[in-house]
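Here is a short briefing for a first look. Please view the sequence and the model, then read on.

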Amino acid sequence: MFIATLGRQPEISFAELEAVFGRQNVQPATPDIATIDADDIDLSILGGTTKIAKVITTHNYANKRDSDLFTDISRQITNHYTDKWRSVDHKITLGISTYGFNIPPRAVQKTGIILKSSLRKSGVSLRLIPNTESALSTAVSHNNKLGLSDNKVELIIVKTKTSVIIAESRGAQNITAYTRRDHGKPKRDAFVGMLPPKLAQIMLNLALGSKNDTPGLILDPFCGTGTVLQEALLRQFDVIGTDLSDKMVSYTQENLNWITKSHKHTGQIIEISQADATNNQWSNAQQISAVVCETYLGQPFSAPPSPAKLKEVTGNCNHIISGFLKNIHPQLTPGTRLCIAVPAWRSKDGSLTHLPLTRDPSRLGFDLVRPPMIYSRPDQVVARELLVLVVK
Ligand SMILES: C[S@@+](CC[C@H](N)C(=O)[O-])C[C@H]1O[C@@H](n2cnc3c(N)ncnc32)[C@H](O)[C@@H]1O
């Protein structure tokens, strides 16, 4: 059994885990943490999970104040790990993160300090990562390589409604690798907007579901700078990308050449070409495992548009995206899944205007695999709505 700490939008991270591991194997432990019944987990394929940890033990607890409960747990931890590490012959780096407890960071830190002094008596040296928060940030865990070897340990202690889970980290999200893939690529374009690589991974997983590690072919018909295709190649999928804009086609080509030179992958670039998604015939459409794309999102807005402008942009995007769905539907094998990001616009009061097509995709020949999800930052006017569809 594993636990996953979920990213900034936990409901999307949770949906990704359900897609990859099966609904029956993923349960919520707290709003930000899920338990996963799996033999092994490769964190590098999960865009929405920030840390993975292997469950060591679970304690049920009766009504107790958090501070008393944590004191009990802390004692168990110091006893267990003093015993476990008293004869190791290397220095240990230790971080401790708690979730769901109402206790100050210094209470968490104290557990580490007691363990450190208890191990010192046996001649074992322990470097303790300071807790400025009750839980170490992903960046701190990643930078200290916690969970990646026997001598770099992060204990993750989670209080759920009924139990306390103690788990040992198996690593934190590789922020360095994501930044390199996002900011290191030769061609970027702020105007069309670029998908964060983490979101591209989430969308691939939502579309592929349990087939996420079966080799296959991914199509992005609105490929832009090629983020989805780049992530698909790194997952060893073959890729096809098309875009209306010649400039974007050349950007994708250049970025994919870069990823091929800078990263190992066995995925093949089958075709990158200029095409209008509303009328193109993709030559390998019957072989496509999944369609994953961020569609046309309309123009960027830094403030909510006027009602007339909103009506115009909504109508325009709805026309293009419905046209694309109608066009691709007869080309795909029934059962093929798509994960598409479409725009939704936030007004001043926080409410969202959705594309009309999201109300009833069955009219276009698709069923929704799960309810749509909104991906956005609170101050963003153009949010992305994630639709997971299956060809009827
Ligand atoms: C939001 S961007 C995609 C960005 C991409 N996900 C990335 O990471 O760079 C949408 C893309 O759709 C393209 N586009 C707009 N209308 C299109 C159409 N009818 N057919 C194909 N591509 C279209 C634009 O040129 C743009 O590159």
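What volume does the largest pocket have? The largest pocket has a volume of about 840 Å³. This is a predicted model. The ligand takes up another space, the second largest pocket.

**The largest pocket**

- A total of 38 residues line the largest pocket.
- Nearest its centre lie P196, Y375, R377, Q380 and R384.
- Helices and strands both contribute to this lining, with at least two residues each from α1 (10–21), β4 (49–60), α5 (175–183), α6 (197–208) and β17 (382–391).
- Sorted by class, the lining holds 17 nonpolar, 15 polar and six charged residues.

**The shell around the ligand**

- The space that the ligand takes is the second largest pocket.
- Around the ligand stand 23 residues.
- Those that come nearest are T225, T227, D243, A277 and E294.
- The shell is made up of 13 nonpolar, seven polar and three charged residues.

**Polar contacts and burial of the ligand**

- E294, one of the residues that come nearest, places a polar side-chain atom 2.7 Å from a nitrogen atom of the ligand.
- L244 takes part through its backbone, with an N or O atom 3.1 Å from a nitrogen atom of the ligand.
- The ligand exposes 600 Å² when taken alone, and the protein buries 93% of that.

How values were computed: Residues are numbered from 1 along each chain as its sequence is written. This is a predicted model: local features need pLDDT of at least 70, side-chain atom pairs count only at pLDDT 80 or more; totals for chains, interfaces and linings use all residues. Side-chain values use heavy atoms; hydrogens and water are left out. A residue is near a molecule or strand if one of its heavy atoms lies within 4 Å of it. A polar contact is a pair of N or O atoms within 3.5 Å; within protein, one must be able to donate a hydrogen and the other to accept it, and residues adjacent in sequence count only if both atoms are side-chain atoms. Accessible areas come from the Shrake-Rupley method with a 1.4 Å probe; for residues, only the protein chains shown count as cover. On a 1 Å grid over the protein atoms alone, a cavity is a set of points where a 1.4 Å probe fits but cannot get out, and a pocket is an open set with protein on both sides within 12 Å along at least five of seven lines; lining residues have an atom within 4 Å of a point. A molecule sits in a cavity or pocket if more than half of its atoms lie within 2 Å of its grid points. Ala, Val, Leu, Ile, Met, Phe, Trp, Tyr, Cys and Pro count as nonpolar, Asp, Glu, Lys and Arg as charged, and the others, Gly among them, as polar. Grid points are joined across faces, edges and corners, and a volume is the space filled by probe spheres set on the points. Helices (H or I, at least four residues) and strands (E, at least two) are DSSP runs, numbered from the N terminus.
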